[in-house]
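User: I have a model open and want to know what backs each label on it. Can we go through them one by one?
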Number of protein chains: 2
Amino acid sequence: MTITWVGLDADDTLWHNESYFVSSYELFAELVAPYLGDVEDPYQTAHDQLIATEIRNVPWFGYGIKGATLSMIECALELSNQKIPASEIYRLVERAKEMMAHPVELLEGVVDALDALAEYRLILITKGDVMDQRRKIEQSTVAERFDAIEILHEKDQATYTAALERHNIDPAQFAMIGNSLKSDVYPVLELGGFGVHVPYETTWALETAEEPTGHPRFALVSTLGEVPAVIERWDQ
Amino acid sequence: MTITWVGLDADDTLWHNESYFVSSYELFAELVAPYLGDVEDPYQTAHDQLIATEIRNVPWFGYGIKGATLSMIECALELSNQKIPASEIYRLVERAKEMMAHPVELLEGVVDALDALAEYRLILITKGDVMDQRRKIEQSTVAERFDAIEILHEKDQATYTAALERHNIDPAQFAMIGNSLKSDVYPVLELGGFGVHVPYETTWALETAEEPTGHPRFALVSTLGEVPAVIERWDQ
C-alpha cells in the first residue's frame, strides 16, 4: 500500500461555505459603498478594504464567521468615518447569525466519493473557529464516515505534522484532498505526502496560490468524484 | 500513588482573565446606560441584559473575546433601539483588540505552586476560543512545565472523558484544579476524580455554582499555593 490514509478538507471541499461569505461580502459592500465618496468603483473598494482588514486581523481573530463579522464591523466603521448608522451594523450582526444558522449543504457527489474511498482510513482536517466547524461537522451527516477529525487553528507544515503524529499517520502514505492549494496541498506535498486540488467555484483572497506543475504527487481534478481514481492510481 | 496526573485550568487559575472582561462590561454599561430611559439602575440593567445576551449566544459564539464582543455590540444596538452612535460601537471593537493585546499576567504564587507539583504529570485544560487560548499559553512562560495541553470547546463530563482518554489518564488518579466549580470541579468529581476549587476574585455569571459539602475528593482553598499540600494529602 502506498496510501493508507486520505485526508479531506471540509469547507468548500465537502460542503458549501465560501459562497455564504461571498454573499455577506456583497451585503457589506452595499452597506458601505455609499460612504466612499467619489472613488471609481465603490463596491470593489469596499471589498478590497474588507479583505485588507481581514488579513490584518487574522492573527487576532483567526478564521470563521465571528472574526469575519468583527472585521466587517470594524471596516464599515472606519470606511464610513463612523457615520454608518447602528441599524446597518445590526444587519451585519444578524447576518453572522444567519450564516451560523445556515444548514450545511454537501457538495454534489460527496457521499459517492466517500463511499469509493471507504477502503482507506479517512481523516477530516479543517481549520477555523472550533464552534463553527463542530456545528457543521455534526450537521453534515458524514462525520461518522471518518476515522478521525482534526480542527486546526492553521493549516501549515507544523500543524499537519502534529496532527499526523497524533494519529500515527506516515506522511509518505497520506493523501490530502481540498479546495485550497495553500492550506490543503502545499504543506502536505512538502511533508512528502500526496495532494489533490479540487477547486471550489470561488476562492477566498487569502487562499489563492499557483498550481504546482509536474509534481509527481500532485493532481488537479474538477470534482470530488474524480478523486478515488487518482488515489487508486497512486496506490499501486 | 493515588494521584498521577494533576490538571490545571488556565484563565483565572494561572493568570488573570475575568478582571479584563469585568472592565469591558463596565465600559459596555457606561456606553449603554444613557439609552435605557428611566429604569432604576441603568448600569445594572445594562449588565444584566448583556449577561442574558451572552447566555443566549453561547451556543453560537462560544466563549472568548470575539463572542463577548459580538454579544456586546448586539446588546448595545438592541438596548439603544439602534440609536447608539457608530463611534461607541467602534470603542467596543477597539476594546476587543485591547483585551487580545493585553499581556498575560500570572497570578501570584503560580510558579512556586507548579514547582511544588513537578513530581506529578501536569496537564493544562482550558476552554474557549482556540486563538485566544493559544496566544495566552504561548505568552504565559509556563507552557513548558506541562506534559500536555488541551483546549476544549466546553468543559463537561464528555469533554473531560475524551481529553483524559487521549492522554491515558485514569480519572481515579486525576486531580483538577481551577476557579470554576462548574467547569473545573463538578465534572471531574462525577468522573471519580479529585477537584480543588481556587476561587478567583470574581466569577463570571455563567460559571457560578454551589460548593460541594462533605465530599471526600473535594477541597476548597484560597490560593494556588495551598494546592500542593492538598494533593500530597490525597496522594498517600
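Analyst: The answers below set each value against its definition.

Analyst: This is a predicted model, where local features need pLDDT of at least 70, side-chain atom pairs count only at pLDDT 80 or more, and totals for chains, interfaces and linings use all residues. Residues are numbered from 1 along each chain as its sequence is written, chains are lettered from A and ligands numbered from 1 in the order in which they are written, and side-chain values use heavy atoms, with hydrogens and water left out.

User: What makes the link between Glu74(B) and Lys97(A) a salt bridge?

Analyst: A salt bridge needs a side-chain nitrogen of Lys or Arg within 4 Å of a carboxyl oxygen of Asp or Glu. In Glu74(B) and Lys97(A) the closest N and O atoms are 2.8 Å apart, so the pair meets the rule. Across the interface of chain B and chain A the rule finds two salt bridges.

User: Which helices of chain B each supply at least two residues of the side that touches chain A?

Analyst: They are helix 2 (42–61), helix 3 (65–79), helix 4 (86–101) and helix 6 (130–139). Helices here are DSSP runs (H or I, at least four residues), and strands are too (E, at least two), numbered from the N terminus.

User: How much area is buried between chain B and chain A?

Analyst: About 3,000 Å², with carbon and sulfur atoms giving 71%. Trp60(B), Lys66(B) and Tyr90(B) supply 22% of what chain B buries there, more than any other three residues. Buried area is the accessible area (1.4 Å probe) that two parts lose on being put together, summed over both.

User: How many residues does the contact take from each chain?

Analyst: It takes 31 residues from chain B and 31 residues from chain A. Contact means heavy atoms within 4.5 Å.

User: Why is the relation of the chains called a two-fold axis?

Analyst: Chain B can be laid on chain A with an RMSD of 0.0 Å by a turn of 180 degrees and a shift of 0.1 Å along the axis. That is the relation of a two-fold axis. The same surface serves both copies, as 100% of the contact residues of chain B recur in chain A.

User: What are the domains of chain A?

Analyst: Domain 1 is 5–15 + 105–234 and domain 2 is 18–101. The bounds come from an automatic or database domain assignment. Between these two domains of chain A the rule finds zero salt bridges.

User: What does the salt bridge of Asp9(A) and Lys155(A) tie together?

Analyst: The closest N and O atoms of Asp9(A) and Lys155(A) are 2.9 Å apart. Asp9(A) lies in the loop between strand 1 (5–8) and helix 1 (18–32), and Lys155(A) in the loop between strand 3 (148–152) and helix 7 (157–166), so the pair ties together parts 146 residues apart in sequence.

Definitions and conventions. Least-squares fit on C-alpha atoms with pLDDT ≥ 70 in both.
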